[in-house]
Amino acid sequence: MNEASGMSFLEKWEELSQFGAVSGTLGVHREAASAADGQQREWFETLMRSWGFRVERDAIGNLFALYEFHPGQPYVLMGSHLDSQPTAGRFDGAYGVLAAAFAAKRAIADAQTLSLQPTKNIAVVNWFNEEGSRFKPSLMGSSVFTGKMELEDALKSRDSSGCTVREALDALGERGSFEALPVSSYAEIHVEQGRDMDEKGVTIGLVHATWAAHKFELRFSGQQAHSGSTLMEDRKDALLAAAQMIVAAHDVTSLFKPGQLHTAVGEIQVYPNSPVVVASEATILLDLRSPSTQVLEQAVQKLITGSELICESTRTQMSIIAEHSWAQNPYQEEGVALAQSVVEELGFTHDRVFTIAGHDSTNMKDIAPTVMLFVPSVEGISHNVAEYTRDEDLLAGLDMLSEVAKRMLVGELALESREGGSQPVNE
């Protein structure tokens with residue numbers, strides 16, 4: 001590692017981490033298209049322009065910094081996301097964007113000294129609304145870019161106050177007209193968001209596959225009533241039904257071997273949400289994740305069967321408002337092999353790992369050869385202000401991504417015939 005480059009990275013990392021900083025913690029709060037997100041986007045644009053990049057925005061607010069070695073050639077694209085969950089960690093996503101920026105800067109410097117002779121161009125991306133906390137769904141920017149989600153559907157998504165994505169982006173001036181970036185290959189680095197690498201002393205994770213997942217938006221409908229005077233046997237309590245479903249989802253994990261099924265309900269909406277009223281409606285967002293598609297299918301069936309019993313006992317009805325699923329999905333083995341070659345050359349401890357969380361690379365790997373890398377998270381803490389990754393691991397990841405980028409720029413892992421955003425792909 002170039003020591004000066006590493007120090008510069010850590011200095012810029014501290015600057016970036018001040019946007020939306022949660023006082024008294026290491027955490028940040030900068031949901032998609034919020035004021036804090038707008039501030040960090042402006043900072044990122046200024047930084048990239050100062051390094052000679054051209055900065056563009058597309059219609060869903062993805063932010064691209066582009067540098068041309070050979071006009072008309074496709075791009076090696078790298079990046080992640082700057083938006084965060086509420087009161088979350090500073091490392092999730094943002095590390096991948098800044099690491100990509102510095103990796104690209106290193107590649108340009110090497111090209112200028114002729115120690116690198118790129119055959120492709122290079123670009124860094126900040127994907128819009130990866131987290132999906134303010135606007136649903138998550139991975140919104142990369143889903144639109146890869147053709148998995150229609151632009152207009154994304155722009156019409158509303159937050160809890162009724163503000164649309166279109167309105168929020170326009171208020172920040174972050175909705176542009178950039179189109180159809182031709183992508184030769186894609187790379188992303190991220191903190192692991194689990195404790196496996198930290199416990200094993202692994203510095204670089206080579207992501208080879210995603211866990212399978214199934215996400216539900218479920219609405220339970222009952223009947224509004226007085227919480228004091230209504231007889232228990234007369235109640236049709238939607239919140240009770242939702243609560244029983246949450247417990248049922250937790251209990252179903254015990255039917256499988258440890259580590260084979262994860263589940264949680266991260267959001268509940270209750271109507272009328274009054275202290276003296278039995279709820280007539282409760283909506284929950286429930287997700288199930290497993291390394292085994294078969295386990296996931298069994299768990300989903302058990303939950304659906306259990307929901308029928310819950311509705312019968314609570315005298316309520318359940319509707320599936322939305323659902324989204326994907327099977328266990330591998331990354332291209334060629335990309336894992338390239339990363340394996342680089343990490344062995346650099347001498348970092350490494351291992352092949354799954355990603356349990358979703359990342360923008362899970363979309364991008366369906367349209368371009370992709371390398372996904374992890375650095376360890378201390379104690380596996382994530383989506384929490386206590387999230388932490390050591391400086392030495394951040395810098396090791398930067399070195400790793402830089403060498404991967406250089407290999408891609410000279411044509412390794414290239415795909416000449418696909419253009420991101422120009423055609424639909426299968427999930």
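Select Glu 56, which is partly exposed at a relative accessible area of 24%, where buried means under 20%, exposed over 50% and partly exposed in between, with a 1.4 Å probe and protein chains only. This is a predicted model, in which local features need pLDDT of at least 70 and side-chain atom pairs count only at pLDDT 80 or more, while totals for chains, interfaces and linings use all residues. Residues are numbered from 1 along each chain as its sequence is written, and side-chain values use heavy atoms, with hydrogens and water left out.

Next, select Glu 174 and Arg 57, which form a salt bridge with their closest N and O atoms 2.7 Å apart. Glu 174 lies in the loop between helix H6 (165-172) and strand S5 (183-191) and Arg 57 in strand S1 (residues 54-57), so the pair ties together parts that are 117 residues apart in sequence; helices (H or I, at least four residues) and strands (E, at least two) are DSSP runs, numbered from the N terminus. Both Glu 174 and Arg 57 are buried.

Finally, go to Asn 121 in strand S4 (residues 121-126), a residue that is buried with a relative accessible area of 0%. A polar atom of the Asn 121 side chain lies 2.8 Å from the backbone oxygen of Gln 73.

Methods: Polar contact = N/O pair within 3.5 Å; in protein donor to acceptor, adjacent residues only side chain to side chain. Salt bridge = Lys/Arg side-chain N within 4 Å of Asp/Glu carboxyl O.
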